[in-house]
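Please look over the notes below before the model goes further.

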Amino acid sequence: TDRKITQEGIKQISSGLLPAGTLLMSSRAPVGYLAISEIPVAINQGFIAMICNKGVPSEYVLQWLRENMEVIVSHANGTTFLEISKTSFRAIPALMPPEPLLNQYAEIAGKLHRMMVENLRQTKTLASIRDTLLPRLNDVQQAMAEQEEQGVGLYFSGHLKKTGLEAYLFRKDSFAEGALPDGAIHVAGAR
């Protein structure tokens, strides 16, 4: 992440550095935001962290929490804003299916979760590319409008894998009409 914590800082946190795959739930203001960490994380007192092991997949616990959020919030208290303590949270009974069923669930839900994470990464990458290229394209469009009489253009083509981009600068041929096929272009720049 952009924000980092030092080893000295981690020593000051009671939970220490939590492993990737830790399930996080906000415990106040508001109660109930949920996430599965994709990287090791350090948290503050505003979260309840659950390291799901012993055959219980994080994806199952995440869905169980979503389905039982009303019950969880009912155990919260506070005058300015609701907060659920770790003690109150641990007292809530959880339904655990038989291990073979949990294993089947983990196989299916784990694949779906990984697909969603990858889709989010690609979306973030594409948004970053858009935010980088759009201002440049607007600058080029302005320059093209100023050079319209010369027929200069710019073509972008993007590749999703490794987000390699290509850009071509071209101009319509300015020879006498009929000298080249209609719409012929000359490449003035390449990748």
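The numbered points below take the basis of the model, then the strands, the contacts and the surface.

1. Basis. This is a predicted model, in which local features need pLDDT of at least 70 and side-chain atom pairs count only at pLDDT 80 or more, while totals for chains, interfaces and linings use all residues. Residues are numbered from 1 along each chain as its sequence is written, and side-chain values use heavy atoms, with hydrogens and water left out.

2. Strand β1. The strand is mostly covered, with 5 of its 5 residues buried; buried means under 20% relative accessible area, exposed over 50%, and partly exposed in between (1.4 Å probe, protein chains only). In a regular strand the side chains alternate between the two faces of the sheet. In β1 both faces are covered: L23, M25 and S27 are buried on one side, L24 and S26 on the other. Helices (H or I, at least four residues) and strands (E, at least two) are DSSP runs, numbered from the N terminus.

3. Strand pairing. β1 runs antiparallel to β2, joined by 4 bridges, and pairs in the antiparallel sense with β3 (residues 47-50), also over 4 bridges. Two strands count as paired if DSSP finds at least two bridges between them. L24 has A35 as its bridge partner in β2 and A49 as its partner in β3. The hairpin of β1 and β2 has 3 residues between the strands, and A29 in the turn has a positive phi of about 45°.

4. The whole structure contains 5 salt bridges, each defined as a side-chain nitrogen of Lys or Arg within 4 Å of a carboxyl oxygen of Asp or Glu. R28 and E83 form a salt bridge, with their closest N and O atoms 3.9 Å apart. This pair links distant parts of the chain, 55 residues apart: R28 is in the loop between β1 (23-27) and β2 (31-36), and E83 is in the loop between α3 (69-74) and α4 (86-90). R28 is partly exposed at 26% relative accessible area, and E83 is partly exposed at 31%.

5. R121 and E118 form a salt bridge with closest N and O atoms 4.0 Å apart. Both residues lie in helix α5, 3 residues apart, about one turn of the helix. Salt bridges link E38, E118 and R121 in a network. R121 is partly exposed at 45%, as is E118 at 36%.

6. R130 and D131. What is the distance between the closest N and O atoms in the salt bridge of R130 with D131? The distance is 2.9 Å. R130 is partly exposed at 46%, and D131 is partly exposed at 46%.

7. Aromatic pair. The whole structure has 1 aromatic pair. The ring centres of Y60 and Y105 are 5.8 Å apart and the planes are at 90°, so the pair is edge-to-face. Rings of Phe, Tyr and Trp (its six-membered ring) pair if their centres lie within 6.5 Å; planes under 30 degrees apart count as stacked, over 60 as edge-to-face and the rest as tilted. Y60 is buried at 12% relative accessibility, whereas Y105 is partly exposed at 29%.

8. Surface patch. I108, L112 and M115 make a nonpolar surface patch of about 320 Å². L112 is in helix α5 (residues 99-146) and is partly exposed at 47%. Patches are made of residues with over 30% relative accessible area and no salt bridge, like charges being joined within 9 Å and nonpolar side chains (Val, Leu, Ile, Met, Phe, Trp, Tyr) within 5 Å. Accessible areas come from the Shrake-Rupley method with a 1.4 Å probe, and for residues only the protein chains shown count as cover.
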